[in-house]
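Student: I would like a close look at one part of this model, the setting of a few single residues. Could you walk me through their surroundings, step by step?

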Amino acid sequence: MQANLMDFCTIFRTVLEYFLFCRFDCVSHLKAKHFADFGTEIEVFFPNAKNNQFHEGRTSKLVANGTDFCPVELVRLYFKRCGFKFGNSGTTDESYVNCRIRKSAGVTVAQNQYKLGQTTAVEQLRELLDRHGFPSEGVTDKSAKMEGVTQSLEADVPVPEVMHHGRWGSLEMPL
């Protein structure tokens, strides 16, 4: 049985936002070439971000956690399902990983040349939550990021480590 691709894309995006402390806008610019699989970790290069005023790009890592909800395994499975190639696979895959999903003649395919819009992404997340009996009122495109940061801080991860993982250069904004 194959998972609903639209739901899988929603879960993939939410996993990235939660584990990498990133905004929707950061995820929307990611292409398959920005992901590198190194076995126990997947490196993700963010080419631009609101917190990257100098536009040099920043890197974060997803680390295998040995659970049924392992972000590394979920990313690998999503890439396989969509036919994406990791950036360190020897090819340059320009596909958007947070892409539109289309159903045609009973077949669901990733339209990887088109980025998914923010409004549509939030609608899909809320619909997924509602279908599975979870509250969706108040859920925004920042909910997963905020929860990831909150869970890390509540687990006593030092603020400098959270800042580093979230690619935050400092608490101050450069002028």
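Tutor: Gladly! Let's begin with Cys9, which counts as buried because its relative accessibility is 1%, where buried means under 20% relative accessible area, exposed over 50% and partly exposed in between, with a 1.4 Å probe and protein chains only. Before going on, please keep in mind that this is a predicted model, in which local features need pLDDT of at least 70, side-chain atom pairs count only at pLDDT 80 or more, and totals for chains, interfaces and linings use all residues. Residues are numbered from 1 along each chain as its sequence is written, and side-chain values use heavy atoms, with hydrogens and water left out.

Now to the sulfurs: the structure holds 0 disulfides, a disulfide being a pair of cysteine sulfur atoms within 2.5 Å. For Cys9, the nearest cysteine sulfur belongs to Cys99 and lies 5.4 Å away, and Cys9 is in no disulfide. Cys82 is likewise in no disulfide, with the sulfur of Cys99 as its nearest at 5.6 Å. Cys82 is also buried, at a relative accessible area of 15%.

For a contrasting site, turn to Gly138, which counts as exposed because its relative accessibility is 60%. You will find Gly138 in the loop between α4 (118-131) and α5 (143-154); helices here are DSSP runs of H or I with at least four residues, strands are runs of E with at least two, and both are numbered from the N terminus. From Gly138 to Arg126 the C-alpha to C-alpha distance is 9.3 Å, with the two residues 12 apart in sequence.
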